[in-house]
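Please read it alongside the coordinates.

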Amino acid sequence: MGAYTGRFLALACILIATSILSVLFIGRYATNPFHTTSDEMTLGIILRIRLPRVLTAMILGMALSVAGVTMQSAFKNPLVSPEILGVSQGAAFGAALAILFLPGDPLKMQLLSAIFGLLALLASYTISSAIKYGGRILRLVLAGLAVSATFSAGVGIMKFMADPLKQLPELTFWLLGGLSGVMWRNFLYMAPLATAAIAFLFVIRWRINLLVLDDDVIISLGTDPRKLRALVITIAVIATAAVTSVAGIIGWIGLTVPHICRKLFGAENSRVIPASIMLGALLMTIFDNIARAAAAGEIPLGIVTSLLGAILFVLFLSRGVPHE
Amino acid sequence: MRKSIIVIIVFVLLAAISSVAYYVWLSSIPGSIRSGETSKSQETIEVIDALGRTVKIKMPINRVIITGKGSWPIMTVAYMFPNAKKVLYGLSSSLNSTLFRMIDPNLADKIVPVELSVEEISKAKPDVVILKTTMRSLGDQLEELGIHVVYVDLENLESYVRDLRVLGKIFMDERRGEGLARYYSEWVNSIASMAPPSAERPKVLFLYYSVKGGEVAFNVPGSGWLQTFMVEVAGGYPLSKEAPGTGWNTVTFEQIARWAPNIIFIVTYSNKPSPSEVKERLLRDEMWTNIPAIRSGRVYAVPDDCNVAALGSWDAPGSRWILGLLWMAKKIHPSIFQDLDIKEEVERFYTKIYGLSKADAEKVIAQITGDFP
Amino acid sequence: MSKVVIRNLRYRYPTSKEDVLKGVTLKIPEGKVTALLGPNGSGKSTLFKVLLKVLGPYKGDIYVNGEDLKHIDVDVLSRAVAWVPQEEDSLFPYTVLDYVLLGRTPHLGFFNMPSKRDEEIVHNVLAQLGLSSITHRKVPTLSGGEKKLVSIARALAQESETLILDEPTAHLDIGNKVRVLNIIRRMGDSGKTVIFSTHDPNEAFLVADNVAIMNGGEIVSRGPPSSAITGELLEKVYGVPVTVYRVNDKQTLVGIHPESFKSL
């Protein structure tokens, strides 16, 4: 671990510095935090608009990243992302329902979105036990595909039914992902659940390693792999559903941050998980800064994340000597 | 071990910051943030907006921003008040058309290329921001910063009457707001009263002909919509009332054939094809020859005075839907409304309500597309 | 003293109609090396998996350290018995150190992480097996032999009294085979109860104190190699005419006579 301590500290310092700068300085409104008394708007913007938003972005990044690492270990597959069991599509469906039938209430939308995200998990598990083909993990993946597709179709129906002037733009924007309306109440509704889930996964980060081994070996090491897998998947999905309900569908981060962290810190989860938490927070803060401050209008965060995330990913992986 | 401590510190910092900020939020009232100067003039106006909220706005109102989705109708209505020219800002570039450039020669200064974000809006220091009722999340954020927000709807006659009065107060011309509200409701009542009973009403199809990705779709408005209302008031039987749903309903040609409309009004919300082009297409299309409206030639392209995609069409909930109503009435019942001089009313609208000179009004009229008059 | 007592064990897979284990009775003596010999498909792996509670439920009795296996939690069992599976996928690039460290799981609470002491134990095990030089290599990059040794290292890190190895010499060249068999013998000498399965009778002669020959889900012979393994038995079990050659009083070899081979 000593070999990586330097990198950890560096990452932590960059994260803290970036988050403070983001809140105090970065934004369309030129804020000088030392002049909070002469310009009343500065304090308001910093405390009421930027701070909740940056904090939400950080938790969003953390949640998706740690959920990504966890799911990749649970499914024994580094190509898995948190959306695999349909949680994103479920959350999208919940949001669509709220936009169409409970309009104007962002908190109810968050709630419905989170509920349906979790329902997707439940559905995936239930369907997977009904499938009579393949090993446990394959069954889960297949069930997840089915659930994802079903909710996706549901979202499509909602889009069709939506009023193109009033509801459809809102739904489309939600699906592209963004933090544009985030205020303290959105943050506070999501943060406790997401933070608890992240913290839980952090605490058992070493034990998650076990899931990478063959199930039989896991039993011989004294742990029930099905229970452990179900537990960590559920917690990871809770984290994902919580942040998706606020931010919409943000892809890419859950897949790539774990990869980058493995390259930087080695494959073992007790290093990858803390690193992913920090890197996820850092990247999402930067991406959201771009989304909200690069242009006079809001750029959907999902677009920024996918675009820049992809470029970053490729750049990162093409450095260094090919090995393994 | 050291790493864990760092992580814990970061989490604790987050928790601490959020608690502090939460306290700040709880203990502050929107608007009181503006400690600064205690207003010299304590005068305020009070409006009740479309969401039923009472909003007190301090005078004077020097800057009004209209932005967000659905801002088009609001902008077109705002310009009906002469004072608007002086105070408007942050407008959408879709407003940039001949008509509105004539109404406001300084329009270019007021237009912004994109929908403004919260911070951009606060940079502009508006006294009040007018938003469509669906823009709650933006509005809530603005109010958190102490910026006044008024929501309007402008979807139908009822909301026009209410919101015109609200806008009248904001643009410092309550009397005009009242007058405009009366203008709309009186015309609607007048036309409606002259319309024949249902037995004598022709079947009218309001058709939104859309081409998406090479595919043609026929869409009709739902029962609660402005277009349906207009057809009904104008004395027609709106066929699309029978279609379910709240959005545009896509219907098949078979359904249209079954309806056998006597009159068809066409919109496309686009220049390719334009409503007039579609009209020509349908008149020549073999499949449509047996439809009563085609046989009698009563197919009409809805006029558009701005030529900016969906927005200038006289059926859209912008200010000129009332002109669309008059136009429709004359098309549906030319004999009943034979004394209605559309051109004259339109000219009056541009000169009296938008304050254009007669010459400018003529120029605007000259570029109206569709079957006008 | 028997470490493991199996009486009339019957087991069938949930999806099959036939028992795979058809009444296995066997005693595994403590502190000795026992070889489980038998052809492919005789049920050796299945027997191990039932013993480790990977498969179940079973009919019959199994006692480990005198206790009924039915009442032993996998948690407790993992501290008493360690397993080296026949094959393992290594998908993620864990280092040898991290991989073997996973063997410490039975001694760690759910929310705990390995301590310095755990790491010490792992380093010792790696040294014992001559793997210290590859401690920081990534497991997927290792050769077949090295991977097997790492697998054994992980099982040894469990610090259990019993060690079960499922066909540990499969796919290994003779150099690695010898290394693995050597470790097995050393573990037996140090007091561990070692059970390993193989289908090569020579291995049993080389390192085992006891042999049990398994065929068709049943034990057909048991005892020290010299008495339990005979040519006729092997011919019956494997279906080819193998001969047991007594080379000298220390070495026995099993093979097929060239004449017998030609006349097949």
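How many residues does the contact take from chain C and from chain A?

1. The model under review is predicted. The contact draws 29 residues from chain C and 24 residues from chain A. On the side of chain C that touches chain A, the elements giving two or more residues are helix 2 (74–80) and strand 6 (81–84) of chain C. Helix 2 of chain C gives the most, with 4 residues.

2. The composition of this side deserves mention. By class, the side of chain C that touches chain A has 18 nonpolar, 7 charged and 4 polar residues.

3. As to the other chain pairs, 2 pairs of chains are in contact, and chains A and B share the most contacts. Chain B and chain C do not touch, and their nearest C-alpha atoms lie 11 Å apart.

4. Within chain B, the axes of helix 9 (residues 174–194) and helix 14 (residues 321–332) come within 10 Å and cross at roughly 15 degrees. Angles under 35 degrees count as roughly parallel, and helix 9 of chain B and helix 14 of chain B are therefore roughly parallel to each other. The crossing of these two helices of chain B is left-handed.

5. Which residues form this helix pair's contact? Helix 9 of chain B contributes Tyr184(B), Trp187(B), Val188(B) and Ile191(B), which meet Ile322(B), Leu325(B) and Ala329(B) of helix 14 of chain B. The residues of this contact divide into 7 nonpolar, no polar and no charged.

Technical notes:
Residues are numbered from 1 along each chain as its sequence is written. Chains are lettered from A and ligands numbered from 1 in the order in which they are written. This is a predicted model: local features need pLDDT of at least 70, side-chain atom pairs count only at pLDDT 80 or more; totals for chains, interfaces and linings use all residues. Two residues are in contact if their C-beta atoms, placed from the backbone, lie within 7 Å. Ala, Val, Leu, Ile, Met, Phe, Trp, Tyr, Cys and Pro count as nonpolar, Asp, Glu, Lys and Arg as charged, and the others, Gly among them, as polar. Axes are lines fitted to C-alpha atoms, for helices over the stretch in contact, and angles run from 0 to 180 degrees between N-to-C directions. Angles under 35 degrees count as roughly parallel, over 145 as roughly antiparallel, 65 to 115 as roughly perpendicular and the rest as oblique. A crossing is left-handed if the near helix is turned anticlockwise from the far one by less than a right angle, and right-handed if clockwise.
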